[in-house]
Amino acid sequence: MAKLSTEELLDAFKELTLIELSEFVKKFEETFEVTAAAPVAVAGPAAAGAAPAEEVEEQTAFDVVLEAAGEKKIQVIKVVRELTSLGLGEAKAVVDGAPKAVLEGVTKEAADKGKAALEEAGATVTLK
C-alpha cells in the first residue's frame, strides 16, 4: 500500500460522514490501544492531593415564577392561560397573586419558552 501524505489523509477524512469518522476513530483506538480523548488538566486543591470536589448535579426540573404582571395585565393573563390551560378566573387569580409559580417541575426548554412568552407580554419572571 502506498503511503499517504497528511494532506491526502485529511482530504479522505473530509469525504467521510460523522458516523463513518466516529467508527474509524473507534477502530483506530482498538487497533493501536490508544484513546483519542483530550487529557484533562487538574488544577487547584485537587492537584495538591486534596479530596476531589463533589460533582454538582445539573438541575432538570424548573419552576417558572411570575414575580409581577407589569402594565399589560390582560396580556399576561392570556399567556398564563395558554401555558397552563387554566380558566380565565384561575389565570387572573395567579396573576393577581404574584409572586406565584405558573409552571412547576418543567424541562429547561419548556421553562425558557414560558419565561420568554410571559416576558414578551410584559411580566417579570424568574426561573427556579
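Which helix does phenylalanine 24 lie in? I started my notebook there, and the answer is α2, which covers residues 18–32. A reminder to myself: this is a predicted model.

**Entry: the surface patch**

I looked up how much of phenylalanine 24 is open to the probe. Its relative accessibility is 37%, so phenylalanine 24 counts as partly exposed. I then found Phe24 in a nonpolar patch on the surface, together with Leu16, Val25, Phe28, Phe32 and Val34. Together these residues have about 500 Å² of accessible area.

**Entry: the largest nonpolar core**

Next I turned to the inside. The largest nonpolar core holds 19 residues. I asked which of them touch the most other members, and got Leu66, Val76, Val80, Val95, Val102 and Leu118. At least two residues of this core come from each of β1 (62–68), α3, α4, β2 and α5. Which element gives the most to this core? It is α3, with 4 residues.

Leaving aside residues up to four places away in sequence, valine 76 touches Leu66, Ala69, Val95, Leu118, Ala121, Gly122 and Ala123. Three of those names, Leu66, Val95 and Leu118, I had already written down for the core.

**Entry: threonine 107**

Where does threonine 107 sit? I found it in the loop between β2 (100–106) and α5 (108–120). Threonine 107 counts as partly exposed because its relative accessibility is 43%, which falls between the 20% and 50% limits.

I checked its neighbours too. With residues up to four places away in sequence not counted, threonine 107 touches Thr60 and Phe62. From threonine 107 to phenylalanine 62 I noted 6.1 Å, C-alpha to C-alpha, for a pair 45 residues apart in sequence.

**Entry: salt bridges**

How many salt bridges are there? I wrote down 4. Side chains of opposite charge can pair when their charged atoms come close.

I began with lysine 73 and aspartate 96, whose closest N and O atoms are 2.5 Å apart. Lysine 73 belongs to helix α3 (residues 73–84) and aspartate 96 to helix α4 (residues 88–96), so this pair ties together parts that are 23 residues apart in sequence. I have lysine 73 as partly exposed, at a relative accessible area of 33%. Aspartate 96 is also down as partly exposed, at 39% relative accessibility.

Then I went to helix α5. Lysine 108 and aspartate 112 meet there in a salt bridge at 3.5 Å, N to O. They are 4 residues apart, about one turn of the helix. Lysine 108 is partly exposed with a relative accessible area of 37%, and aspartate 112 is partly exposed at 34%.

Glutamate 119 and lysine 115 form another salt bridge, with 3.9 Å between the closest N and O atoms. Both lie in helix α5, 4 residues apart, about one turn. I noted glutamate 119 as partly exposed at 39% relative accessibility and lysine 115 as partly exposed at 24%.

Conventions: Residues numbered from 1 in each chain as written. Predicted model: local features only at pLDDT ≥ 70, side-chain atom pairs only at ≥ 80, totals over all residues. Heavy atoms only, no water. Patch = residues over 30% accessible without salt bridge, like charges linked within 9 Å, V, L, I, M, F, W, Y side chains within 5 Å. Areas by Shrake-Rupley, 256 points an atom, 1.4 Å probe, with all protein chains shown as cover. Salt bridge = Lys/Arg side-chain N within 4 Å of Asp/Glu carboxyl O. Buried < 20%, exposed > 50% of the residue type's maximum accessible area, 1.4 Å probe, protein only. Contact = heavy atoms within 4.5 Å. Core = buried A, V, L, I, M, F, W, Y, C linked by side-chain atoms within 4.5 Å.
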